[in-house]
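Trainee: I am new to this structure and would like to go through it step by step. Could you take my questions one at a time?

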Amino acid sequence: MSDFADAKAFLLEASDHSGTSVYEHLSSLITKLIDERPRNAADIIESLSYELKAEKFQPDDTLKDQPETPDNVITAKHRSSLLRYETDIPEDEGETDQVVPNLIDLFRHFEDADVGLGQEEIFCIFLAIKQLADHQPLKSVTFWGKIFGLEQDYIIAEAEYREGEEPQPEEEHHDVADEVNGDDPAEEDEIGEDKIPLPKSTFKPPPDLPTEEYGTGTNKKIYFVCNQPGQEWHLLPNIKPKQIACARLIRKRLTGHLDAPVVAFPPFPGTEAELLRAQIARITAGTHVSPAGYFTFDEEEEEADDEARDTFIVDDEFEGKPLPELLESDLSGWVHHAPYILPQGRSKWVNPSVKEENGDLDEDDEEDEDEEEEEIEPEAGPPLLTPLQNDDDVDGLPAWSTRLSSTAHPAFGCVRISSNRWPGAHAFAVQRKFANVYIGDGLKYLSEPFSPQLPPPAQAEYVGNDIFEAADPSRQEEEEFEAQQAEEEEGEGDEEEDDEDE
């Protein structure tokens with residue numbers, strides 16, 4: 001009995017390196033054999049023993065099933081709120097307007113053409129957009145697309161307000177560059193008679209172009225964004241011309257945070273929310289297309305009216321284009337239905353040198369009024385419903401690529417068209433049905449590495465008769481000046497002592 005106790009005590013001795021005893025290891029090995037019951041256990045017992053040691057003495061493998069993380073819990077809560085949300089069923093379904101299109105049906109055609117986000121994510125996005133339509137006074141809302149970010153992604157919804165419930169336009173405040181022109185009277189009072197006045201700058205910043213109102217041009221639609229379905233929707237601000245003009249000069253990946261600063265040169269006038277809105281406007285203007293004939297101009301509008309060609313309506317007599325016409329290489333079966341953005345950042349050109357009618361002119365403005373009102377050639381772009389065959393090539397390649405979703409049975413297929421200038425922009429058409437979507441990183445195609453704009457050259461030194469450079473004194477002149485200062489200090493010290501004696 002003592003021999004058995006001694007043997008068991010020996011097996012229970014823990015190792016100095018691993019802290020595990022032979023008794024514990026053999027117990028675990030026998031338990032593993034009984035639980036798994038592998039074939040030819042005697043042949044693999046050494047490898048099982050090695051696996052037990054490796055699992056115990058090595059860190060957890062990242063490929064193992066991990067417990068729920070806080071991110072997964074948050075995502076589950078957001079999606080559960082979508083599934084629990086219910087809407088009231090209208091009594092008369094015939095009179096209700098369809099605010100949200102059937103995204104499940106539309107993206108079924110995209111999936112047939114190898115484009116999409118997956119049925120699960122599209123279903124969650126559809127529920128999130130439906131919830132947005134119930135909380136906002138929207139006439140129509142649809143899924144615009146998804147832009148991938150460095151930390152989070154953006155899910156974007158395109159919408160229109162109901163008539164009479166549009167937001168009130170915000171008043172624009174134009175800053176007057178008084179400090180740049182050096183017209184501050186307080187600074188002039190501080191300049192004494194002995195001081196030489198500083199030269200005044202004649203630079204005048206370019207005027208800010210007015211922002212297009214809601215419902216026109218680049219602000220024809222409004223856009224809501226969120227990072228995941230179920231999260232709160234955020235309304236993006238109206239885009240300004242200077243923001244679009246600057247977005248064309250930089251190339252920046254989005255982070256997924258709307259309040260993140262945009263560090264770039266030239267400096268971008270706004271945060272990531274404004275940059276995201278600028279990229280949405282650029283992508284929409286260049287890639288939103290439809291079959292030719294689906295939209296038409298209103299015949300009741302007079303052609304002489306400038307605003308007559310800014311709007312269009314759906315042609316009720318349109319029965320759809322045959323698939324061969326949509327697949328033609330000249331792209332004559334497709335047209336742009338989004339307004340073109342001019343180089344100044346607007347869809348409708350305005351003269352930047354024209355003063356406002358109610359604006360007050362300064363004396364300097366009145367003197368330079370003749371110089372500023374020089375004739376400027378108006379910018380012009382292609383009109384609405386322009387065929388895609390007029391688009392410029394992309395590095396010698398067509399601007400668009402078309403394909404049929406199914407060659408096995410074309411009668412049940414659709415035509416997909418993809419932009420080569422904005423990778424990730426797609427559209428499909430079949431009969432009277434079409435849709436546009438963008439799924440990408442929000443950057444334009446470049447055949448060469450991007451080179452940022454260089455800063456302006458350093459200004460030359462000021463040359464004028466009122467300012468001149470003084471000559472440096474010699475060492476002898478410095479010693480004489482120091483001796484003179486020492487004598488003056490000694491004289492002032494003797495005067496103070498005499499005053500104290502009195």
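Trainee: What percentage of the 502 residues in the protein is buried?

Mentor: This is a predicted model, in which local features need pLDDT of at least 70 and side-chain atom pairs count only at pLDDT 80 or more, while totals for chains, interfaces and linings use all residues. Residues are numbered from 1 along each chain as its sequence is written, and side-chain values use heavy atoms, with hydrogens and water left out. Buried means under 20% relative accessible area, exposed means over 50%, and partly exposed lies in between, with a 1.4 Å probe and protein chains only. Of the 502 residues in the protein, the buried share is 30%.

Trainee: How many helices and strands are there in the protein?

Mentor: Helices (H or I, at least four residues) and strands (E, at least two) are DSSP runs, numbered from the N terminus. Counted in this way, the protein has 14 helices and 12 strands.

Trainee: Which residue of E12 stands opposite Lys146?

Mentor: Strand E1 (residues 138–147) runs antiparallel to strand E2 (residues 154–161), to which 8 bridges join it, and the two form a hairpin with 6 residues between them. In E2, Lys146 has Ile155 as its bridge partner, while Ile147 stands opposite Tyr154. E1 also pairs with E12, here in the parallel sense and over 3 bridges. On that E12 side, the residue opposite Lys146 is Ile439.

Trainee: Is Lys146 buried or exposed?

Mentor: In E1, 7 of the 10 residues are buried, so the strand is largely enclosed by the rest of the structure. Lys146 forms a salt bridge (a side-chain nitrogen of Lys or Arg within 4 Å of a carboxyl oxygen of Asp or Glu) with Asp153, their closest N and O atoms being 3.9 Å apart. Asp153 is partly exposed, at 23% relative accessible area. Lys146 has a relative accessible area of 9%, and the class is therefore buried.

Trainee: How many residues apart in sequence are the parts that Arg403 and Asp114 tie together?

Mentor: The side chains of Arg403 and Asp114 meet in a salt bridge, with 2.9 Å from N to O. Arg403 lies in strand E9 and Asp114 in the loop between H5 and H6, so the parts tied together are 289 residues apart in sequence. Arg403 is partly exposed at 28% relative accessibility, whereas Asp114 is exposed at 58%. The separation asked for is 289 residues.

Trainee: What is the phi of Asp114, and which loop holds the residue?

Mentor: Asp114 is not a glycine, and yet its phi is positive, at about 65°. The loop that holds Asp114 runs between helix H5 (103–112) and helix H6 (119–135).

Trainee: Which bond is cis, with omega near 0°?

Mentor: Pro266 is placed in the loop between helix H9 (241–247) and helix H10 (272–287). The cis bond, with omega near 0°, is the peptide bond from Phe265 to Pro266.

Trainee: Which side chain makes a polar contact with the side chain of Ser418?

Mentor: Ser418 is in strand E10 (residues 415–419) and counts as buried at 7% relative accessibility. A polar contact is a pair of N or O atoms within 3.5 Å; within protein, one must be able to donate a hydrogen and the other to accept it, and residues adjacent in sequence count only if both atoms are side-chain atoms. At 3.1 Å, the side chain in polar contact with that of Ser418 belongs to Arg416.

Trainee: About how far apart in helical turns are Lys32 and Glu36?

Mentor: Lys32 and Glu36 form a salt bridge, with the closest N and O atoms 2.8 Å apart. Lys32 is buried at 15% relative accessible area, and Glu36 is partly exposed at 47%. Because they are 4 residues apart in helix H2 (residues 22–36), the separation is about one helical turn.

Notes: Two strands pair if DSSP finds at least two bridges between them.
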